[in-house]
Amino acid sequence: MPILRHLTEGRVAAVLEPLLLLAVVLLVAWHLVAGTAASRNSVGGDVRGLRRGSLVAALGTVLLVGGCSATGLENARGTGYQLMLGQPNTYAVTVIFLVGPLLVSLAAPALLTVGRLSARRTSLIVIACWLGAAMAPITSYAGFVTSYAVYCTSRPATAAGDATCAASTGALAAIWGIFGVVAMLPFAVRLQGRIAKQGR
């Protein structure tokens, strides 16, 4: 029954993305509550909170981009997840091209905590947090532009074109990478203050 299958897929699409967004919001909230309690009066606690925030931000972004790719597109050849599975390598390359820089910017604050912390390094960590916040809307806009200008306009339609279209549609959800600054900045600012007080 094609109509029943279409209705079921539509319901899944209507429910999946909001559930993923709610899960990411709850994960960020848990991270902030648990991380703040664990990092009181401790440079090491702030470093752990910053690293965990980076992981939460990157994981949340990957989940939301994947969910948007899977459910945010439907054409005559199938829904987003079917188009992704039709050419998984093409999808992966395109999504890495579009969303990879955002994921690197979300990982940068955690990577900067490796090694000796100085006042200069903690300033770079705070700047890297803000860079991740700036990259989220830029990545989302890049997904919007490329989907309409390049990836979703291929004629004749091909499986590779559909996979790249699903990837660029998913990149629209990169706007939620803004949760990265929420998950990392409190720890980065507190770490910067503690290192400055220690005169490093």
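A: Axes are lines fitted to C-alpha atoms, for helices over the stretch in contact, and angles run from 0 to 180 degrees between N-to-C directions. Two packed helices are described by the angle between their axes and the distance between the axes. This is a predicted model, in which local features need pLDDT of at least 70 and side-chain atom pairs count only at pLDDT 80 or more, while totals for chains, interfaces and linings use all residues. Residues are numbered from 1 along each chain as its sequence is written, and side-chain values use heavy atoms, with hydrogens and water left out.

Q: Which elements does the chain contain?

A: Helices (H or I, at least four residues) and strands (E, at least two) are DSSP runs, numbered from the N terminus. The chain has seven helices and two strands, in the order α-α-β-β-α-α-α-α-α.

Q: At what angle do the axes of α4 and α5 cross?

A: The axes of α4 (residues 88–112) and α5 (residues 119–149) cross at roughly 170 degrees and come within 8 Å. Therefore α4 is roughly antiparallel to α5; angles under 35 degrees count as roughly parallel, over 145 as roughly antiparallel, 65 to 115 as roughly perpendicular and the rest as oblique. Contact means heavy atoms within 4.5 Å. Among the contacting residues are Leu 98, Val 99 and Leu 102 of α4 and Leu 124, Ile 125 and Ala 128 of α5. By class, this contact comprises 15 nonpolar (Ala, Val, Leu, Ile, Met, Phe, Trp, Tyr, Cys and Pro), four polar (the others, Gly among them) and one charged (Asp, Glu, Lys and Arg) residues.

Q: Where does α4 have a kink?

A: The bend at a residue is the angle between axes fitted to the seven residues ending there and the seven starting there. In α4 a kink of about 50 degrees lies at Val 99, shortly before the proline Pro 101. Val 99 is also buried, as are Leu 98 and Gly 100; buried means under 20% relative accessible area, exposed over 50%, partly exposed in between (1.4 Å probe, protein chains only). The cover over the buried residues of α4 includes α2 (43–71), α5 and α7.

Q: Why does the span of α7 agree with its length?

A: The expected span of a helix is 1.5 Å times one less than its number of residues. The 20 residues of α7 (residues 179–198) should therefore span 28 Å, and its end C-alpha atoms are 30 Å apart, which agrees. Helix α7 bends by about 40 degrees at Leu 185, with Pro 186 following within four residues. Leu 185 is one of the buried residues of α7.
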